[in-house]
There are 2 protein chains.
Amino acid sequence: MDKRVGVLGGGQLGRMLVEAANLLEIRVNFLDAANSSAKQVSNHAGHIEGSFKDAAAIRQLAANSDVVTVEIEHVDTYMLEEISATTPVQPDYKTIRMIQDKFAQKEHLIKHHVPVAKSIALEKPTVGELEKVSATLGLPLMLKSRREAYDGRGNFPVKSKADFQPAIDALGKNGELYGEQWAQFKMELAVMVVKTKYQTYSFPTVETIHENSICKLVYAPARGVSAEINQKAQDLAKKAVSCFWGRGVFGVEMFLLQDGELLINEIAPRPHNSGHYTIEACPVSQYEAHLRAILDLPLHEEDLQLREPAIMLNILGGDKPDSHLQFAREALKQRRTKIHLYGKGEARKGRKMGHITVTAPTMREAEAIIAPMIAYSTPGKYRLAADPSPGPSADPAPVAVIMGSDSDLPVLLPGLALLRTLQIAYTTRIVSAHRTPNDMATFASSAAANGHKVIIAAAGGAAHLPGMTAAHTPLPVIGVPVKPSIGDGMDSLLSIVNMPRGVPVAAVSVNNSVNAALLAARILGAGDEGVRKRVEGYMAQAEKEVREKDERLRGVGAEEYVERFLGKK
Amino acid sequence: MDKRVGVLGGGQLGRMLVEAANLLEIRVNFLDAANSSAKQVSNHAGHIEGSFKDAAAIRQLAANSDVVTVEIEHVDTYMLEEISATTPVQPDYKTIRMIQDKFAQKEHLIKHHVPVAKSIALEKPTVGELEKVSATLGLPLMLKSRREAYDGRGNFPVKSKADFQPAIDALGKNGELYGEQWAQFKMELAVMVVKTKYQTYSFPTVETIHENSICKLVYAPARGVSAEINQKAQDLAKKAVSCFWGRGVFGVEMFLLQDGELLINEIAPRPHNSGHYTIEACPVSQYEAHLRAILDLPLHEEDLQLREPAIMLNILGGDKPDSHLQFAREALKQRRTKIHLYGKGEARKGRKMGHITVTAPTMREAEAIIAPMIAYSTPGKYRLAADPSPGPSADPAPVAVIMGSDSDLPVLLPGLALLRTLQIAYTTRIVSAHRTPNDMATFASSAAANGHKVIIAAAGGAAHLPGMTAAHTPLPVIGVPVKPSIGDGMDSLLSIVNMPRGVPVAAVSVNNSVNAALLAARILGAGDEGVRKRVEGYMAQAEKEVREKDERLRGVGAEEYVERFLGKK
């Protein structure tokens, strides 16, 4: 491709940007120190050595480039404004200037009716001002520097009045401050948004987990988030980005509150840590998307879809200069693990030195693979799928087992036991088609969005639950006819199997929850090699058992067999 | 990682190798010209400028490196032998020396009982010798140079005696020649094999399509290849590589003959064009696998599995120096398309300038996406999924619809029509549980391996087909009870639904092939968002139709409705 891209800053974001650019023969010129992370993987004479705050160097970069962008927002936007006259800058310098000042960024979003955490600026960085602000916002609150704050720097949690002086001592020297109301969030979400010349697209909604205000883990997609909240997060992220000017990718961080409301936390006008996972997990990464956006190259909504669930874990500098390399060596021992080291040399503690991405066919499997790496990085700090500690659960159970009445439960037990044997997660619910028809409809119509793949529905007599559930969901529904106290269960069977054309139910025989569970396993196995293999194992085991019985029968004869093994005379 | 890798050659294979190495902070030193493809993405002072056939340069490379490898086999193996005394060379120089001489390579494989195409060396490069060889091998035959042959150079198809003189004229100057029996192959397959210190692993079996002896397309996995042949290809590739010495990845190219036999074509002791797809399609690429193998870093069988079906299309130099860039720009217009350009500058016609990889949830979708790019690169040259021209079909139909008798066919027609409406491919078969029990067992037991995901089985009376099929396959089986000429079909229904515990069948109501088709769609939709959306569309349409009828009923009243719209009085 024939356009040259100039980038202010050559850290890890620049490095991953140029890794994408190299594939497209897009020349990228970095302005940064000589052996910076990005320059290590881009060998040509067009780079400029110097600070990305140096005016002459920025002018030189612009002169060598067809479009200028940034990998960090803490740049001299007046220089960007100057060079904009001759070289396009993406996103617009006004966007970077507005976002640089985190308080101004918030005010701007409020003006455009985008919900953000309530914030008040301190007129001066003094304890007295902080006290005034805390009277309105309450305690705890987060004291923040308006500028130059990232990766936890510039944030100070103020939990009580005793923190006032330490907070001012810590941040006062940074200049202007503001207080932000403490967000009692259920989880943190993030969406990477791509603004092109014509369209605004978004990558999936992900879940971010921070430690000491530094992003540590990213789960794509966000776990346990309903379709409705996911859509809301997507819409909100696009709306927030649409308030700004110019093209490129934007990282939008949000709080999901306990009541389901979403607040924007902050926006980055560039590729973002919460989008690293896209390199392996999406057809086009955030880096390539940024290049395509600023160079007006084609991009498609589908390019940003998730190919597989993914988890990203940051590799931070540890106690020793090479702790991060030791960590990377440990991570290499895990399957399906992609390691990205940034070439930053010796580490400072807490500095981002690299990251790990695990992709797998299911989030549950990705969690299992990354668990030892999380444990290695911070023993005991993080919840896993198997860990019932606070936070949303892992991806939902693929099988939902529902029944019209608790009296159906004994019939279902053998099937549930078999699902456990086959290592298939399930959830059980009592929803009656006749007594809680609205709950039934709500459950069924949201089952697919909630991540279930198959529903097993048990009912007896006028057994409407399987068919009514099928009427409300596009998922396959397996009906288990339960034998009622009166009759042989033919009423249950026919109520379930004789569905009208257009609404299918998969019926099994009366009380046969085992076959319902096996059918669910076979259905999941159609798309999951692991489950398929376990079904085959079950079939092989059943074959073996019947052959053993046959051998026994040949050994002892029919009469003795009945007496000894069937307990009958 | 602390070991330095020295590489003879810095072309596109080296470039993709160092792209993988950069992520792991593995220092790679290239010996090649100054601005070679690989050096462009690796900016450090350790590279050596010069020819990878220059002795002094090779010694210098070895002195700077902890392990030496090659990205091309046409190197001075005597130099590799010399440096082996002080620096490990992977794979072993003996391997590279043996493989360099394609005729010696074949003789070596034969000695190890690995099947290869029959070949005879010409004692001298003369027409007389060629005539002698053709008397044994028959015509056509392929005349090949023993050395320095790749990407079609050094091959000459000899179709008749008239080609003798031109063939000798073309290849005689290359030195030693051999004739190879013309392989009447059904398709060409390839497997990338990884030899580590302890294990031999393999990537999936892929299908390669060549044009003028240059690899043009790679389909991963190979289309329409049975599980049995796939396994045979995997075993053969590993066996062939095990005849050689040292560690690293090897590209194994094979012919699949009409009778199902496999012959080794040739082996490359390095990453290979047929493995480019692994960058996007596998957790660990062939390049990273090579690094892990030669540096004794961990590797897992699962790292080499396919994440999604993939198709790779080479971008060759065209008529103009920038034709390949124009091609890349066209390709960018397609969704899910990853472009790799190699930074080779101006193109020579036919030179490999880059490649394109498309990954998608199904091979059919990947084929649809890449079709316009194939058409752009060589109009009318390649078969597509929809194209019934020779060659194996695309990935198999997800739904197999089977019946015990052709008399069941009319009942199935509405279901088949619905599958077409929902854009779900199916295949139809007559296999009787009672009259062709062996065919039924064979079909059912190979259905999963043949790529089917769901089976719909229709049967009437003593309707054993669905249950017997379920007994032979781990796939979900949907049973359609067909109403026999005598009775109401309850016999069919109960024969299908009342399966013993352990072998499930999903029963629908009598003659309801529509619901069977919908159930199949819902099952596929559990793992395929596109199908799920079409099922939802169908449900919305059905809802609309009933509401229209309701409106009509409210408009005209019950009596007129029956008369006008139900055709009854």
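Helices and strands are DSSP runs, helices of at least four residues and strands of at least two, numbered from the N terminus. The model described here is predicted.

In chain A, A:Pro140 sits in the loop between α6 (127–137) and β6 (141–145). Chain B provides another cis bond, between B:Ala220 and B:Pro221, where omega is about 0 degrees. B:Pro221 belongs to the loop between β11 (214–220) and α8 (227–242) of chain B. Backbone geometry also stands out at A:His113. This residue is not a glycine, yet its phi is positive, at about 60 degrees. A:His113 is placed in the loop between α5 and β5 (119–121) of chain A. Most residues other than glycine have a negative phi, and most peptide bonds are trans.

The two chains were then compared. Chain A gives 86 residues to the contact, and chain B gives 86 residues. The size of an interface is often given as the accessible area lost when the parts come together. Between chain A and chain B, about 7,400 Å² is buried. Carbon and sulfur atoms carry 53% of that area.

Charged pairs were examined next. The whole structure holds 66 salt bridges over all chains. Eight salt bridges are found across the interface of chain A and chain B. A:Lys338 and B:Glu288 form a salt bridge, with their closest N and O atoms 2.8 Å apart. Within chain A, the side chains of A:Lys102 and A:Glu266 form a salt bridge at 3.0 Å, N to O. This pair links distant parts of the chain, 164 residues apart. A:Lys102 is in helix α5 (residues 102–111), and A:Glu266 is in strand β13 (residues 262–268).

Helix packing was examined in chain B. Helix α13 (residues 409–421) and helix α17 (residues 513–525) pack at an angle of about 35 degrees. Their axes are 7 Å apart, and the crossing is right-handed. From α13(B), the contact uses B:Val411, B:Leu412, B:Pro414, B:Gly415, B:Leu418 and B:Leu419. These meet B:Ser513, B:Val514, B:Ala517 and B:Leu518 in α17(B). By class, the contact has eight nonpolar, two polar and no charged residues.

Key. Residues numbered from 1 in each chain as written. Chains lettered and ligands numbered in written order. Predicted model: local features only at pLDDT ≥ 70, side-chain atom pairs only at ≥ 80, totals over all residues. Heavy atoms only, no water. Axes fitted to C-alpha atoms, helices over the stretch in contact; angles between N-to-C directions. Left-handed = near helix turned anticlockwise from the far one by under 90°. Contact = heavy atoms within 4.5 Å. Nonpolar A, V, L, I, M, F, W, Y, C, P; charged D, E, K, R; others polar. Buried area = accessible area lost by both parts, 1.4 Å probe. Salt bridge = Lys/Arg side-chain N within 4 Å of Asp/Glu carboxyl O.
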